[in-house]
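Thanks for asking me to look this one over. Here are my notes, written to be read with the structure open beside them.

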Amino acid sequence: MLSKTSKFGRAVFIILLGYWTLAFVSTHLPGDTVQAAKRAWMLSWPHMDKVAHAILYAGLSFLVLGYLRWSWRLSQSLANGIAVSVAAVYGVVDEYLQSFIPKRSMDIADWFADLLGAGLGVLGFMVILQASHLRPSFPVWKTGRQSLPQ
């Protein structure tokens with residue numbers, strides 16, 4: 001029988017996979033499709049694509065961090081570093097792959113927006129974790145203490 005922690009970690013993993021799949025699909029649409037969506041949603045503000053990148057990668061790092069904390073039971077600092085690193089590496093791969101999509105291009109400014117978003121996702125996770133009772137706690141016999149060090 002799965003513990004509450006492992007069930008929660010599994011749920012976070014499923015949400016992460018769905019989110020990452022939607023993120024991949026949305027960042028690999030042809031440029032004319034993206035422009036049509038911007039017009040339909042009236043999102044023609046300057047640098048809106050950078051805001052979208054930051055939001056997308058904030059969600060990604062938030063979910064990666066949640067998965068690492070509840071499933072892998074990593075310390076907060078190690079999980080933070082891995083979550084930002086995963087987002088940074090995926091951001092490079094994502095930008096590179098966009099160079100092969102019609103009317104899309106690779107843009108270093110998008111990658112910096114990805115990094116900013118990843119950092120904000122980690123910060124948001126830490127704020128929510130501190131303000132809630134969702135801190136991962138594990139049996140004493142596994143870790144020698146009731147909860148992971150913050």
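1. **What we are looking at.** This is a predicted model, in which local features need pLDDT of at least 70 and side-chain atom pairs count only at pLDDT 80 or more, while totals for chains, interfaces and linings use all residues. Residues are numbered from 1 along each chain as its sequence is written, and side-chain values use heavy atoms, with hydrogens and water left out.

2. **The whole chain.** The protein chain has six helices and zero strands, in the order α-α-α-α-α-α along the sequence. Helices (H or I, at least four residues) and strands (E, at least two) are DSSP runs, numbered from the N terminus. Of the 150 residues, 35% are buried, where buried means under 20% relative accessible area, exposed over 50%, and partly exposed in between (1.4 Å probe, protein chains only). Taking contacts between residues at least 6 apart in sequence, 72% join residues at least 24 apart; contact here means heavy atoms within 4.5 Å.

3. **Helix 3 against helix 4.** The axes of helix 3 (residues 48–72) and helix 4 (residues 76–98) come within 9 Å and cross at roughly 140 degrees. That angle makes helix 3 oblique to helix 4. For reference, axes are lines fitted to C-alpha atoms, for helices over the stretch in contact, and angles run from 0 to 180 degrees between N-to-C directions. Angles under 35 degrees count as roughly parallel, over 145 as roughly antiparallel, 65 to 115 as roughly perpendicular and the rest as oblique. The crossing of helix 3 and helix 4 is right-handed, a label used when the near helix is turned clockwise from the far one by less than a right angle (anticlockwise gives left-handed). Residues making the contact include His 53, Tyr 57, Leu 60 and Arg 69 from helix 3, and Ala 79, Asn 80, Tyr 90 and Gly 91 from helix 4. By class, this contact has eleven nonpolar, six polar and three charged residues. Ala, Val, Leu, Ile, Met, Phe, Trp, Tyr, Cys and Pro count as nonpolar, Asp, Glu, Lys and Arg as charged, and the others, Gly among them, as polar.

4. **Helix 4 against helix 5.** Helix 4 and helix 5 (residues 108–131) pack at an angle of about 155 degrees, and their axes are 9 Å apart. Helix 4 is therefore roughly antiparallel to helix 5. This crossing of helix 4 and helix 5 is right-handed. Among the residues in contact are Asn 80, Ala 87 and Gly 91 of helix 4 and Trp 111, Asp 114 and Phe 125 of helix 5. The contact divides into twelve nonpolar, three polar and three charged residues.

5. **Gly 91.** Which residues does Gly 91 touch, not counting those up to four places away in sequence? They are Tyr 57, Trp 111 and Asp 114. Gly 91 sits in helix 4 and is buried, at 0% relative accessibility. Its C-alpha atom is 8.8 Å from that of Phe 112, 21 residues apart along the chain.

6. **Arg 69.** The C-alpha atoms of Arg 69 and Asn 80 are 9.2 Å apart.

7. **His 28.** This residue lies in the loop between helix 1 (4–27) and helix 2 (31–40), yet His 28 counts as buried at 13% relative accessible area. The side chain of His 28 reaches the backbone oxygen of Phe 24 at 2.6 Å. Beyond its neighbours within four places in sequence, His 28 contacts Tyr 90, Asp 94, Leu 97, Gln 98, Ile 101 and Arg 104.

8. **Two loop residues with positive phi.** Arg 73 has phi near 60 degrees, positive although the residue is not glycine. Arg 73 is in the loop between helix 3 and helix 4 and is partly exposed at 27%. Lys 103, in the loop between helix 4 and helix 5, also has phi near 60 degrees, and Lys 103 counts as exposed at 68% relative accessibility.

Conventions
Polar contact = N/O pair within 3.5 Å; in protein donor to acceptor, adjacent residues only side chain to side chain.
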